Amino acid sequence: RNQSIPYSNSSCQDALVDRGGMFFSVLLLVQQSILQTSGEKFRDTGYEKLMDEQALINRLISRESDYDYRVRPRGTLNPISSDATAVDVHANMYLRSISKVDDVNMEYSLHFTFREEWVDERLYFNSPILQHIVLSPEQKIWVPDTFFQNEKDGKKHMIDKPNVLIRVYNGTGRILYSCRLTLTLSCPMRLVDYPLDVQTCFIDFASYAYTTKDIEYHWKDSKPIQIKDGIRESLPSFILSDVRTNSCTSVTNTGVYSCLRTEIELKREFSYYLLQLYIPSFMLVAVSWVSFWLDKDSVPARVTLGVTTLLTMTTQASGVNANLPPVSYTKAIDIWIGVCLAFIFGALLEFALVNWAARQDIVRNQYRTRHQTNMLYRLQSEANNHSAYNGHHYTALPMEPPRMNNNGHSMVIRQVVLSCNHLLSNPIALTQMGTARVGLSWWGSLWQVKYREHSRRIDLISRVIFPLFFVIFNITYWLRYLVPYLEVETKTL
């Protein structure tokens, strides 16, 4: 019995050891599964990606690396090529808004995103996880020294961080540099057709220090210019009709510099000027013609109407020229205002001519009255002699010399009436006076009877001539300026 006890103890110990090994193995398996699950969790949350990106940035542009941002890249990834070639910089823009198109200073403001892409072989990397890495503006790399040639003023947006994107792509060494800018650019305008004009403004950018041997600018192949939706609403007085790309490589004393150009075609909105300028001035000219229908003796009314319309048109012309630069050539609006002023001033001069013709009519009527009185006196004398010769006896009318009142009218009305009564009984005199009316049309009768006075004839002619010439001017004017304006199509951008 004593010998069986040790045997039993050893068996129990072996069983305990086997059970402990199994328990330890289970613990190891659980630990491995936990670690595996944690690793997958870290990979799912991008932890390895962040660590890889940090390591790449430290390796590429840290102080321990040999990267120098002051030296431009070679422009190629070919390690065999020893000669540095020009860096090809591909550019594109995203136009956000256009505002403050100033005709006086000939400038405009543009808010846009400017992007450049090039290859820097020193920033080449390969990563199975990352597509690209993003650098902060404080992490300095070589960037093209691009400047805008027609810039007057500008700024980079810094709120609340610098609006700059620097992206390095995996496996290509390609760099994307993007920044948001607001620039005030000069825009030389040709205002010959103003306000029916179409202006073309430029955005010219080039390298400031590097010639074409070092940097070559190219437009991006697909969508070099992108336009934000609603940009048309940012232009109250213009329509963005077209945007084109071009090149503007310049040659100076210091070398040949690569340059790219964006052409922005702005079509001026005509509806504002039609309502505020053309229609009111047309109405002023038409109002000045009302004086042709007023009596020639209405001197205060006609003078007041002419002077008022003339001063109103002059004030309107001054308001238009206040918003335009003092150019040396004649604009379309100058022709319109000048012709309208000429018609209004012509209506005022027409009244002066009518007034002068009325005074001449008074003098002519005085002379005609005196002449008719003398003629009637001779006719009466001849009639008396004729009646005496034929044996007829008529009572001779007493003839007195004509007398004039203060208004220049003859005081022989009674004598003329009595003489006319006498002529009714004289067939020879009636025949001589009727021959002058034979063969006259209705227009001739109206012209000779109703408009016998020259002053009234001038008013009648003016009622026809002034509107006719103004209509002819309008046809010529709108054919010259409106037709080319309407031919400029607004493209869908």
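Me: Which salt bridge do Asp334 and Lys331 form, and at what distance?

Reply: A salt bridge is a side-chain nitrogen of Lys or Arg within 4 Å of a carboxyl oxygen of Asp or Glu. The side chains of Asp334 and Lys331 meet this rule at 3.0 Å, N to O. The model is predicted: local features need pLDDT of at least 70, side-chain atom pairs count only at pLDDT 80 or more, and totals for chains, interfaces and linings use all residues. Residues are numbered from 1 along each chain as its sequence is written, and side-chain values use heavy atoms, with hydrogens and water left out.

Me: Is Lys331 buried or exposed?

Reply: Buried means under 20% relative accessible area, exposed over 50%, and partly exposed in between (1.4 Å probe, protein chains only). Lys331 is buried because its relative accessible area is 5%. Asp334, at 24%, counts as partly exposed. Elsewhere, salt bridges that share partners join Asp242, Arg244, Glu263 and Glu265 into one network.

Me: How many salt bridges are there by this rule?

Reply: The count is 17. One of them pairs Glu121 with Arg74 at 3.7 Å, N to O. That pair links distant parts of the chain, 47 residues apart: Glu121 is in the loop between strand 2 (107-119) and strand 3, and Arg74 is in the loop between helix 2 (47-61) and strand 1 (87-102). Helices (H or I, at least four residues) and strands (E, at least two) are DSSP runs, numbered from the N terminus. Glu121 has a relative accessible area of 17%, so it is buried; Arg74, with 24%, is partly exposed.

Me: Which residue does Arg122 pair with?

Reply: Arg122 forms a salt bridge with Asp120, 3.1 Å from N to O. Asp120 is buried, with a relative accessible area of 0%, while Arg122 is partly exposed at 24%.

Me: Which residues of helix 4 are buried?

Reply: An α-helix has 3.6 residues a turn, so residues three or four places apart point the same way. In helix 4 the buried residues include Arg302, Leu305, Thr309, Met313, Gln316 and Val320.

Me: Where is Ser136?

Reply: Ser136 lies in the loop between strand 3 (132-135) and strand 4 (146-148). Its relative accessibility is 27%, so Ser136 counts as partly exposed.
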